[in-house]
Every structure is written in C-alpha cells, then in structure tokens.
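Take a look at the model below. We will walk through it one feature at a time.

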Amino acid sequence: MPYPSRPTIALVTDCLFCRIVAGDIPATVVRETDTTLAFRDIDPKAAVHVLVVTKEHFVDIASLAQADPELTGDLMETAAVVAETEGLLADGFRLIFNTGAYGGQEVDHVHAHVLGGEPLGPMVCK
Ligand code: 5GP
Ligand code: ZN
C-alpha cells in the first residue's frame, strides 16, 4: 500500500540540510559516508548531540523507509557508528526521528538525532 507521504519540497536548494550536505552552510562534521553525513547540532540538547542525514533529500523517516530501505540502513549504521565514536555505547544513548507537526519536526529533511553523554531523563514530558 503506498505510503501517504508529505510532499517533497520543490526546491531542495532551499533545504537547510541539503545546503549543509552541499557545503554551502558550514557544519561540524563528525562522519561522512557515500550516502550519509553526521554533524553536530547547532543548539545541542545534550552533552553529545549529533544529527545524521541522508545526502539525498527525503522529507522524513517514513518517506525514506518506504522509498529506500537500503539507504535507511545506511542512516542507521552511521548513527550507530557515531554513537560508538562519540563514546556513547557503554552508558547508552537515544536515537530520535522527530516526524511531522506532532513530532516536532522543524527541518523537513530526514535526520536522526543521536543524543547522549549524560542521563537524558524521560522520553517525553507530559
Ligand atoms: P527537528 O526539530 O527538525 O527534529 O531538528 C532540527 C535540528 O536542527 C534542531 O535540533 C536544531 O537545533 C538543528 N539545526 C537547526 N539549524 C541548524 C544549523 O544551521 N546547523 C546545525 N548544525 N543544526 C541546525
Ligand atoms: Zn534536504
């Protein structure tokens, strides 16, 4: 059954994370693969806060996972390697995909938040 994905924005050159991937906007890159890029969040919410994106533009994790499971695997692998290289495996970490309006997604280019380096508290606040 086709996934009712939200429309892909017409001009990905207007997309903040596409511009970071293109090198138009600087970022502190911690890992790069052929298909993914990991860089530090500009406004970290934890001691370690890295964003992992696909180089190709997809709106969100649901769209990506439906369209390209292999690339989804690449994204998850990069997130896991970042967690390891950032020293998060021993004490644990959190991987978040904010998705859509209720999910609090602000940048409409799929990205995983890798958070850790300190206790993160409850998953959500009511
Ligand atoms: P979202 O709310 O879409 O899940 O997360 C977007 C994230 O992008 C936020 O955590 C925000 O701090 C981060 N962010 C916004 N603008 C920039 C930027 O220009 N550079 C970097 N590195 N992160 C950004
Ligand atoms: Zn994009």
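**A walk through the model**

R40 is partly exposed, because its relative accessibility is 35%. Here buried means under 20% relative accessible area, exposed over 50%, and partly exposed in between, with a 1.4 Å probe and protein chains only. This is a predicted model, in which local features need pLDDT of at least 70 and side-chain atom pairs count only at pLDDT 80 or more, while totals for chains, interfaces and linings use all residues. Residues are numbered from 1 along each chain as its sequence is written, chains are lettered from A and ligands numbered from 1 in the order in which they are written, and side-chain values use heavy atoms, leaving out hydrogens and water.

What does R40 pair with? Its side chain meets that of E86 in a salt bridge, at 3.0 Å from N to O. The term means a side-chain nitrogen of Lys or Arg within 4 Å of a carboxyl oxygen of Asp or Glu. This pair links distant parts of the chain. R40 sits in strand 2 (residues 36–40), and E86 in the loop between helix 3 and strand 4, 46 residues apart. Helices (H or I, at least four residues) and strands (E, at least two) are DSSP runs, numbered from the N terminus.

The whole structure holds three salt bridges. Another joins E32 and K55, at 2.7 Å from N to O. E32 is in strand 1 (residues 29–32), while K55 is in the loop between strand 3 (48–54) and helix 2 (61–67). E32 is exposed, at 52% relative accessibility. K55 is partly exposed, at 26%. D43 and K45 also form a salt bridge, at 3.7 Å from N to O.

Now turn to the metal. Which residues hold the zinc ion (ligand 2)? C15 (SG), C18 (SG), H57 (ND1) and H109 (ND1) coordinate this ion, at 2.0 to 2.3 Å. Donors are N, O and S atoms within 2.8 Å of the metal (3.2 Å for Na, K and Ca); water is not among the atoms, so sites may look incomplete. The four donor atoms subtend angles of 105 to 118 degrees, so the arrangement is tetrahedral. C18 lies in helix 1 (residues 16–22) and H109 in the loop between helix 4 (100–103) and strand 5 (111–116), so the pair ties together parts 91 residues apart in sequence. Both C18 and H109 are buried.

Finish with L89 and M123. L89 lies in the loop between helix 3 (69–85) and strand 4. M123 is in the segment after strand 5, and is exposed, at 68% relative accessible area.

Terms used: Tetrahedral: all angles 85-135°; square planar, octahedral: opposite > 155°, others 65-115°.
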